[in-house]
Amino acid sequence: MSASEQDRVQAIYDEFAKNYDDHYASAEFQEEDLALFRILSPWIRGKVLDLGCGTGLTLSYNDISKDDYLGVDPSAGMLAKLEAKFPGYRTLNSTFEQWDETEKDSKFETIIGLFGAPAYFAKESYAKVLELS
């Protein structure tokens, strides 16, 4: 994704962050989330890398310690919502292609990218992420 495309996507999600949780608060969306995490939660353990963490959906449905979590999102607006809901959890405002520059030696037992988040990754990013597990 080019820098201008990345800026456009960030701006869209920064604006969407203002009502993101309210938008997805309906029973229909919550049922979908519950069904998803019934499948995923048994596999979420150890150090967790949450790519495209948004407002913290993974944290809403899983008991992950602050020391074991890193949420990465290019939207500062989304991260502000996550940090308000889950104070003290580590987040990083970064693109998916650049976030690992600060985490070069980190290893994760769980790497998660929910819903459409992986669609924003450059193809080369997938290999970099897999090397961290």
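Helices (DSSP runs of H or I, at least four residues) and strands (runs of E, at least two) are numbered from the N terminus. The structure is a predicted model, in which local features need pLDDT of at least 70 and side-chain atom pairs count only at pLDDT 80 or more, whereas totals for chains, interfaces and linings use all residues. Residues are numbered from 1 along each chain as its sequence is written, and side-chain values use heavy atoms, with hydrogens and water left out.

The predictor's confidence in each residue, pLDDT, runs from 0 to 100; the protein chain averages 88, and 92% of the residues score at least 70. Among the elements of the chain, the highest mean pLDDT, 97, belongs to helix α5 (residues 76-85), and the lowest, 69, to helix α6 (residues 123-130).

L114 is found in the loop between β4 (110-112) and α6. With a relative accessibility of 13%, L114 counts as buried (under 20% relative accessible area, exposed being over 50% and partly exposed in between, for a 1.4 Å probe and protein chains only). Although L114 and L51 are 63 residues apart in sequence, their C-alpha atoms are 7.7 Å apart in space. Leaving aside neighbours within four places in sequence, the residues in contact with L114 (heavy atoms within 4.5 Å) are L36, F37, L40, L51, L57 and T58.

T58, which is placed in helix α4 (residues 57-61), is likewise buried, with a relative accessible area of 1%. Beyond its neighbours within four places in sequence, T58 is in contact with F37, I44, D50, I64, I112 and L114.
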